[in-house]
Amino acid sequence: MSIRKGKNYPYGIHVKDMKELCAECPIIKMPAPKKVYISMSQHIGAPAIPIVNVGDKVVKRQLIGKESGVISANVYSSVCGTVVGIEDIVTASGLKMKHVIIENDGGDEEIFFDNIENFEPKTIIERIRLAGIVGLGGAGFPTAVKLSPSIKLDTLIINGAECEPYLNCDYRLMLENTEDIYRGVKYAALALGIKKIIIGIEANKPKAIEAFSKYHDIEVVVLKKQYPMGSEKHLIYCTTGRKVPCGKMPFDVGCCVQNIKTVIAIKHAIEDNKALSSTVLTVSGGGIKEPKNLRIQIGTSLDDIIEFCGGLVGDSVKIIAGGPMMGKAMIGTNSYTRKTNSGYLFLTDKETNVDEPTNCINCARCAKNCPMRLMPMYIESFALSGDFESAKKYGAMNCLECGSCAYNCPAKRPLVQSIAMAKSKIKELKI
Amino acid sequence: MANEKLYTFSSSPHIKAPTTTKGVMINVCIALLPAVIAGIVFFGLNAFLIIFLSVFGAVASEFIYLLIAGKKFKDIAKQFDFTSCVTGLLIGLSIGSQTPLYVPIFASAFAIIVVKMIFGGTGKNLVNPAVAGRIFAFMSFTTIMANGWLTPTSGEPITGATVLTGILGGADVSSLSILDLFLGVNLAGCIGETCKLALILGGIYLAVRGIINIGYPIIYIVVTGLFTVALNGFNFSYFLPSILSGGLMLGAIFMATDYTTSPNTTLGNVIYFIALGLVTAGLRQATGIEVVSFVILLMNLFVPLIDKFVINRPFGFVKQKKVKGE
């Protein structure tokens, strides 16, 4: 029942949020396509190992990829049908991944887990692991691992910030599946043995704030509309006032942050005995005819999604998986929905920026805006001159790659790209 | 695949703010317009010619340099970012109206070619090109420059006796009309430096457009005024004349705030502008001449040093130190 304002954090940027394109569109269930391409690495860590063969009949929510290690996750079929191929496919994001291709026969047979008898942390975490739930905000870290920290935590924070422009899927879920989120959160809290639950929601979503104010045991924290409020470290600071030290994780300050979609998946796995086989995502941008929020079967191809949304209009120059600030550009449309997808954007050349970079003029806007208080212009110039040691000294490893620096750069320098390059070089050379 | 079209592939972020270097520089030019107009109103056609020639000299030097460097005219025109316009305007505004017309051209050419382009162009210069160009003109044409002042109403060139040198020479400060100083009426001086109102309007415009932090020039101006007061036995009647005379306003608002030659952190900037104020007041007192551009040039050289030692601490930095120490 308590609503309070979040702590103010002075560093960050204001971006045009463009959410109006489909903020008020209810989530529509997209019919399962004729063929699904289910990736075996939809998470951080080791890819799942396919346990079906070409020609096998599978039913919906049947295990087709088995986890292969602690940091890994099960993958389930999202349709009924026949396995027609297990192939390495290079998707439009440039990564080569093993996909199980299933031809949909339109059947509605489904497999469910058994009912959980006793609700203990151990059984809950085991069920979450079994259901193949990973962090659905984008990182894809196995949730079962995240819910079994080595130290005792005291606060569970639900990330309802959704600070990326264009995306609305979390917002729609907060309005339409409020009760599911509440129940999922309670299970996550039970698994962690935590009483204190906070949900952080940006101030531009008053309806979502209203929806959660009815629960007496969840504290609603209204966050300033600012990018990147959905970053774990900033969410923790603004809701609890705790600073996650550089190079440390949220659990080092006693917090666990969960995504809206993840807690809904937890609810479905525990109460409805369903494995994770679908996701909710936003299809938006000036280049798509009908922007929509969709509930979609995992493995649906982007071409099918484009067709369902009325096709492309105008001249889109960029297709992005995820939000426009941190999402990945794709070279074509051979992409298949994964658990962690939060949206597909089709941007026209008016919306996106393809200006050539010019000389840095040392205006220091990047340093002024960096939410991690880094100095991107120095890290960039160190990275470009190959001095990765200095790049590390200037805090390159703390970079979130949120894009606040490059967003405001008047010289249009590719700061995120250079810093990401420095980060991978620092890891590679073990500096 | 149904759709064989290839799309643009690039690193995030995929949306960017509309601000560009060109836009920033055009805004600075717009902010300088009130001073240009005031200069032309007070000093007449000659002022216009000087400003025009210094801008022309600056832009032409940049084009000639790049043509010699082997770039195509079309590319140069496309990449032209108006920084040389700003440099030219500042040089034109910071010399006297009776200066011979070849001086602004030489000053601009020196500023652009030697100070800016040889070091790598926009953003790579060590010192502010406009300041260096002005000083180059003063050093090279010492006698001519000193005779270039003109009191607008009398129409006669006068030698070296701007209000500032009068104040520093011990003239009675109480006889000065602060309003005249502020508006630039009946005042001898450089074309763009006499009308403080026009400069302040420009400064406010830049602050509103988010191009400069108005706090920094205020620090510079206030520190200069206060230190002058302190050096004169805490006689507060020196405060307004000292901040309203000479090239302080133009220097503080438009020259010292130059992105390339000012520090990159808030703390660094505060240090830089306080130092500018102290050195300006001190040197003015010690030498009896106007020193703002020399001080900016001098302090520009300390900027890399400030930037080396004053850097931002990453979010969560302090706690990490503690953990390391345990």
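Hi everyone, let's start in a loop. A:P228 sits between β12 (219-223) and α6 (232-240) of chain A. Helices here are DSSP runs of H or I with at least four residues, strands are runs of E with at least two, and both are numbered from the N terminus. This is a predicted model, with pLDDT of at least 70 needed for local features and 80 or more for side-chain atom pairs, while totals for chains, interfaces and linings use all residues. Residues count from 1 along each chain as written, chains are lettered from A and ligands numbered from 1 in written order, and side-chain values use heavy atoms, without hydrogens or water.

You'll find B:P13 in the segment before α1 of chain B. One more backbone spot, please: A:E162 is not a glycine, yet its phi is positive, at about 40 degrees. Look for A:E162 in the loop that runs between β10 (155-160) and α3 of chain A. As a reminder, most residues other than glycine have a negative phi, and most peptide bonds are trans.

Now let's follow α3(A) itself. Helix α3 (residues 169-176) of chain A packs against helix α7 (residues 260-271) of chain A, with axes 9 Å apart and an angle of about 45 degrees. Because of that angle, α3(A) is oblique to α7(A), oblique being whatever is left after under 35 degrees (roughly parallel), over 145 (roughly antiparallel) and 65 to 115 (roughly perpendicular). Axes are lines fitted to C-alpha atoms, for helices over the stretch in contact, and angles run from 0 to 180 degrees between N-to-C directions. On the α3(A) side we have A:C169, A:D170, A:L173 and A:M174, and they meet A:I260, A:K261 and A:I264 of α7(A); contact means heavy atoms within 4.5 Å. That contact has five nonpolar residues, no polar ones and two charged (nonpolar is Ala, Val, Leu, Ile, Met, Phe, Trp, Tyr, Cys and Pro; charged is Asp, Glu, Lys and Arg; polar is the others, Gly among them).

Over in chain B, the axes of α6 (residues 129-140) and α15 (residues 292-300) come within 9 Å and cross at roughly 125 degrees. From α6(B) come B:V131, B:A132, B:R134, B:I135 and B:M139, and from α15(B) come B:S293, B:F294, B:I296 and B:L297. Here we get seven nonpolar residues, one polar and one charged.

Finally, the cavities. How many of 30 Å³ or more turn up in the whole structure? The search finds four. A cavity is a set of points, on a 1 Å grid over the protein atoms alone, where a 1.4 Å probe fits but cannot get out, and its lining residues have an atom within 4 Å of a point. Points join across faces, edges and corners, and volume is the space filled by probe spheres set on them.

The largest cavity has a volume of about 320 Å³. Its lining has 23 residues, with B:M25, B:T83, B:V86, B:D258 and B:Y259 nearest the centre. Helix α4(B) gives the most, with four residues.

The second largest cavity holds about 110 Å³. It is lined by 14 residues, and A:C360, A:C363, A:C366, A:M377 and A:C409 are the closest to its centre. Thanks, all!

Technical notes:
1 Å grid on protein atoms, 1.4 Å probe; cavity = no way out; pocket = protein on both sides within 12 Å on 5 of 7 lines; lining within 4 Å.
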